Every structure is written in structure tokens, then in C-alpha cells.
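This report concerns a sheet and a pocket. The sequence and the model are shown first.

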Amino acid sequence: MAEQDDELRAMATHRGLKLVKSRRRKAGGDFGLYGLKDASGAEVFGFGAEGLTADAEAIRDFLRGGMRNDWSTSVETTPGPKRVSKPKPAPKPKPAPPPPSRPRFQPAVANLLRDLPEAKADEAFDDLLQRPGIRIERIVSRGQATPEDAPMVQGWDEWVVLLEGAAGIRIEDSAEVRLGPGDHLLIKAGQKHWVTWTARDRPSVWLAVHLGE
């Protein structure tokens with residue numbers, strides 16, 4: 001019995017408990033039974049209203065069960081080896097943009113409404129483009145008009161647009177029409193026509209396209 005007591009006492013101590021054994025030999029009592037208390041003296045296992053209630057095997061089962069629970073909890077809560085994360089590679093530098101290439105062609109930009117001639121005495125005519133079958137010219141007027149007895153007439157179609165200013169024009173067998181910026185019309189080949197008036201206080205700028213000249 002002493003060896004059994006020593007075994008149970010060692011198991012209880014390992015669990016932080018204290019083994020209690022009854023030594024009362026009263027008939028029907030708890031002689032030879034055991035109980036367990038914690039370090040503060042509180043009853044943990046094997047205590048009843050009439051005294052101790054657990055035999056040696058019950059104490060072993062309780063302590064072994066507790067040891068298994070402690071081991072399982074330890075395995076679950078003990079952190080494993082820390083994984084050392086590999087350093088991220090530094091981002092590759094972006095390639096420098098290629099130097100801008102110089103254009104092989106530089107267009108010549110002109111403006112039809114800049115650097116206008118005064119055209120106070122006579123209208124000013126400037127050829128802008130001439131190709132086979134087509135000629136484009138700019139006309140600047142300032143108060144000029146076509147004499148009634150000297151109408152203009154040509155052997156090709158002419159499309160004309162007034163870019164700036166104001167003017168009146170009459171085509172044979174028609175009434176006079178007033179033109180403002182953006183107004184345009186077609187004068188067919190062989191049609192007599194007159195510029196009846198142009199603004200005197202500002203230049204009137206025409207763009208004339210001669211077709212089939």
C-alpha cells in the first residue's frame with residue numbers, strides 16, 4: 001500500500017495537487033479511499049458527504065486524464081517554429097523613355113486673316129494654291145464694288161465664301177443677296193455677276209475656289 005500511495009502522491013504533485021487518504025477504520029467508512037485537493041486546499045476530486053469516495057484506480061484515471069488534457073493543450077498552444085519570410089525583391093527600375101524624335105516634316109501654317117493688305121484703293125488678290133484644274137485665291141475688299149456696266153464673267157465655276165466683313169452680290173437674273181462671315185455660294189461658268197458693295201469700315205476677306213480654270 002505504501003508503494004501505491006507514493007505513486008499516487010507523485011502523480012498528484014506533478015499535477016500541482018495534493019493526495020488525501022483516509023485512515024479511519026470505522027465500519028462502512030472511507031478507509032483506504034482517496035481524494036485530491038489543490039494548492040489552496042480546495043477539494044478537487046474524490047470528496048463526498050460521507051468522506052472520501054475515490055479508490056486508487058479512480059485517482060489514477062483522473063490524474064492520467066488530466067495529464068493527457070494538459071499535453072493536448074500544450075501542443076495546441078505552443079507556437080511552432082517561426083517562418084522567416086523571404087525579402088521581396090526590389091522592383092526593377094522602369095526603362096527611361098526614348099528621347100523624342102525630331103519630326104522629319106514641319107508644316108508651314110499660315111492664317112488667311114492675318115497681315116491683311118489695306119486694299120483701300122483696289123482689291124488685293126493673292127493666289128494660295130494652284131493645281132491643274134483648280135486655283136484657290138484670297139481676295140481682300142474694302143469699299144469696292146463692280147461697275148454695273150462691267151459685270152464679271154468667267155468660263156469656269158467659282159465657289160466663293162466670305163470669311164470676314166460684309167458684302168452684297170448679285171448674279172444675272174437674281175436679286176442682290178447679302179453675305180456675312182461664313183456665307184458661301186457657287187457662281188457657274190458663264191454667269192454674269194456683280195459685287196454690289198463691300199464694307200468700308202473693315203476689310204472683307206473672300207476665299208475663292210476656281211474649278212476647271
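Two strands pair if DSSP finds at least two bridges between them, and strands (E, at least two residues) are DSSP runs, numbered from the N terminus, as are helices (H or I, at least four). The model is predicted, and local features need pLDDT of at least 70, side-chain atom pairs count only at pLDDT 80 or more, and totals for chains, interfaces and linings use all residues. Residues are numbered from 1 along each chain as its sequence is written, and side-chain values use heavy atoms, with hydrogens and water left out.

Gln 130 stands opposite Arg 135 in E7. E6 and E7 run antiparallel and are joined by 7 bridges. An open sheet of 5 strands, with antiparallel pairing, has the order E6-E7-E13-E8-E11. Strand E6 (124–131) and strand E11 (184–187) each have a single partner strand at the edges, so one side of each lacks a neighbour in the sheet.

| Class of lining residue | Count |
|---|---|
| Nonpolar (Ala, Val, Leu, Ile, Met, Phe, Trp, Tyr, Cys, Pro) | 11 residues |
| Polar (the others, Gly among them) | 6 residues |

Of the 21 lining residues, Ile 139, Met 152, Glu 158, His 193 and Val 195 lie nearest the centre of the pocket. E7 gives the largest share of the lining, 4 residues.

Definitions and conventions. 1 Å grid on protein atoms, 1.4 Å probe; cavity = no way out; pocket = protein on both sides within 12 Å on 5 of 7 lines; lining within 4 Å.
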